[in-house]
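Work through each task before reading its solution.

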Amino acid sequence: MNLKHYIESRHTDSDTTRPLINPFSQQAFGSMPTASTDQIDTAISAAHRAFKGWSESTKAIRAQYLKGIAEGFRARQEALANSIVVSVGKPIVEARLDVEDAIACYEYYAGLLDTNCLGNELPEAVEGTGYGAIKHYAPVGVVGLIVPWNFPTVTTAWKLAPALAAGCTVILKPSEISPWPESILADICDDIQLPKGVLNIVFGEAEVGQYLVDSPKVDKVSFTGSTRVGQKIMAASAPTLKNLSLELGGKSSLIVCADADIDEAAQLAANGIFFNAGQMCSATSRVHVHTSLYEPFLVALKNKVAALSLGDPLLESTDMGPLSCAMQFDKVSSYFAQAKQEGLSCLIGGQVKEGFFVSPTVYENVPTSSVLWNEEIFGPVLCVAPYSTLDEAIAKSNDSEFGLAGSVVAKDKATALDIANQLRAGVIWINTDQIVLPQLSWGGFGQSGIGRELGINGLHSFTELKHIIVEMPSSGS
Ligand code: NAD
């Protein structure tokens with residue numbers, strides 16, 4: 001499996017390569033080329049050459065190509081899911097969901113192009129002024145998309161589908177951990193004969209992303225990844241005043257109310273942190289439980305965690321695979337050492353295992369001063385603490401530099417809604433798992449990022465709003 005860049009519809013190598021490691025077997029299964037600056041410049045130039053034709057193509061034509069990508073994904077669903085498992089170690093059942101989510105996203109944006117989502121063709125009167133205006137969401141230009149490894153194909157779809165729908169041309173830089181699933185896009189583009197240069201894929205590490213950010217010829221960068229790198233990108237974007245979208249880290253809360261069903265609450269808490277081995281920006285890694293339920297909740301949660309099966313991620317019976325790579329394993333393991341140093345009480349887990357596996361872990365009665373309570377661990381590590389009043393739970397939830405997501409478990413719907421309204425986060429789930437719908441929005445407050453993906457906002461983030469003003473006397477004058 002020796003991957004190639006995809007530049008102006010050509011599949012090209014580089015002199016420098018990096019091995020691809022399967023985190024379950026820890027064996028190399030192929031290599032990824034690292035793009036040279038000349039190759040990145042060629043990709044940027046190709047995107048510029050393609051821009052006029054693509055941005056002036058009709059919405060119907062762009063919708064056809066998006067549907068073609070969705071069909072290409074559907075035709076390769078199992079191969080894609082396998083490539084995700086082998087690359088990042090997530091269970092096959094979850095990998096299949098990733099591919100479905102990506103398909104839904106391409107189809108959603110294809111459908112959106114049937115509406116007037118990009119403005120009006122004819123001027124509309126601006127009442128009482130004698131003028132009218134055509135409102136036009138113009139494509140922002142050539143865009144760089146930089147993505148992480150935790151939801152391969154999904155994070156890319158959230159950016160690529162609206163960027164292409166808006167009429168932008170693209171240079172995609174996948175994560176160095178998960179380039180294989182992303183590379184399959186190139187084959188799909190060949191199959192559907194996407195015009196040359198509309199999508200270019202360059203592989204590499206931080207330097208390749210950095211080059212796209214620094215380039216004055218890239219009009220926008222849409223980045224998903226860590227807050228630390230997001231901060232670097234924002235600083236590096238200042239000289240070119242680059243249009244930026246940043247989807248960053250999180251430390252989200254789940255609040256279990258006094259009237260909650262204990263079993264349901266424990267299940268939602270487990271799902272919110274152990275899906276994808278906790279390697280989710282929206283993981284609900286801090287759980288606040290009303291004191292009246294605290295002890296029985298811990299018993300129910302411990303039973304659910306003990307029942308999780310760890311193992312070969314290609315098996316359908318596996319609930320949790322290994323962490324995605326050595327770096328992730330080292331990072332998560334370091335938090336176990338930190339917990340020991342802090343003297344935290346470990347309800348279950350807290351151990352490193354063979355390979356890149358760590359045990360699903362719950363610390364209980366965690367104080368708000370704990371490093372584990374405050375930092376994004378990005379692994380299967382949950383902190384639980386009791387609370388006495390809802391005001392206390394809401395204040396503790398909002399006491400975070402992040403503000404991506406949140407969950408509330410309660411029987412009383414009015415109370416749940418009241419809590420949701422007070423949480424400082426972009427997405428809140430009430431009595432449900434982490435449902436993400438392409439029709440809605442995704443993004444956070446504070447250091448969880450800037451802007452929103454998905455929905456109409458995700459489309460408009462790849463546009464600049466333009467008004468063309470004309471004289472338009474009102475019908476009575
Ligand atoms: P990361 O920030 O290390 O890397 C993300 C991407 O940026 C990779 O492609 C990487 O090569 C590239 N990169 C690294 N340094 C760069 C630089 N200086 N300039 C330009 N590009 C650079 O993140 P990761 O480890 O791949 O992913 C995990 C992080 O992503 C977590 O913090 C998680 O919360 C976040 N995440 C957020 C969302 C969201 O929607 N908010 C979704 C998924 C992941």
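**Exercise 1.** How much space lies in the second largest cavity, and which residues are closest to its centre?

Solution. The model is predicted. Step one is the volume: the second largest cavity holds about 70 Å³ of space. Step two is the lining, which is made by 13 residues, with Gly 278, Ala 283, Ser 285, Ile 377 and Phe 378 closest to the centre. Step three sorts this lining by class, giving 7 nonpolar, 4 polar and 2 charged residues.

**Exercise 2.** What is the volume of the largest cavity, and which helix and strands each supply at least two residues of its lining?

Solution. First, count the cavities: there are 4 of 30 Å³ or more. The largest cavity has a volume of about 110 Å³. Next, take its 15 lining residues, of which Arg 286, Ser 397, Ala 405, Arg 424 and Ala 425 lie nearest the centre. At least two lining residues come from each of strand S12 (252-256), helix H13 (390-398), strand S17 (402-403) and strand S18 (405-409). Finally, the classes are 5 nonpolar, 7 polar and 3 charged.

**Exercise 3.** Which element gives the largest share of the lining of the second largest pocket?

Solution. Start with the space in the second largest pocket, about 380 Å³. Its lining has 18 residues, and those nearest the centre are Lys 59, Leu 118, Asn 120, Glu 121 and His 136. Two elements can then be named as giving two or more residues, helix H2 (59-75) and strand S6 (131-139). The largest share, 5 residues, belongs to S6. By class the lining divides into 7 nonpolar, 7 polar and 4 charged residues.

**Exercise 4.** Which residues are closest to the ligand, and how far from an oxygen atom of the ligand does a polar side-chain atom of Ser 226 lie?

Solution. Begin with the shell of 28 residues, where Glu 176, Ser 226, Leu 248, Glu 376 and Trp 442 are the closest. For Ser 226, a polar side-chain atom lies 2.6 Å from a ligand oxygen atom. For Trp 149, the distance from a polar side-chain atom to an oxygen atom of the ligand is 3.0 Å. Leu 248 uses its backbone: an N or O atom there lies 2.7 Å from a nitrogen atom of the ligand. The cover comes next, with the protein hiding 92% of the 850 Å² of accessible area that the ligand has on its own.

Note on methods: Residues numbered from 1 in each chain as written. Predicted model: local features only at pLDDT ≥ 70, side-chain atom pairs only at ≥ 80, totals over all residues. Heavy atoms only, no water. Near = heavy atom within 4 Å. Polar contact = N/O pair within 3.5 Å; in protein donor to acceptor, adjacent residues only side chain to side chain. Areas by Shrake-Rupley, 256 points an atom, 1.4 Å probe, with all protein chains shown as cover. 1 Å grid on protein atoms, 1.4 Å probe; cavity = no way out; pocket = protein on both sides within 12 Å on 5 of 7 lines; lining within 4 Å. Points joined across faces, edges and corners; volume = space filled by probe spheres on them. Helix = DSSP H or I, 4+ residues; strand = E, 2+ residues; numbered from the N terminus. Nonpolar A, V, L, I, M, F, W, Y, C, P; charged D, E, K, R; others polar.
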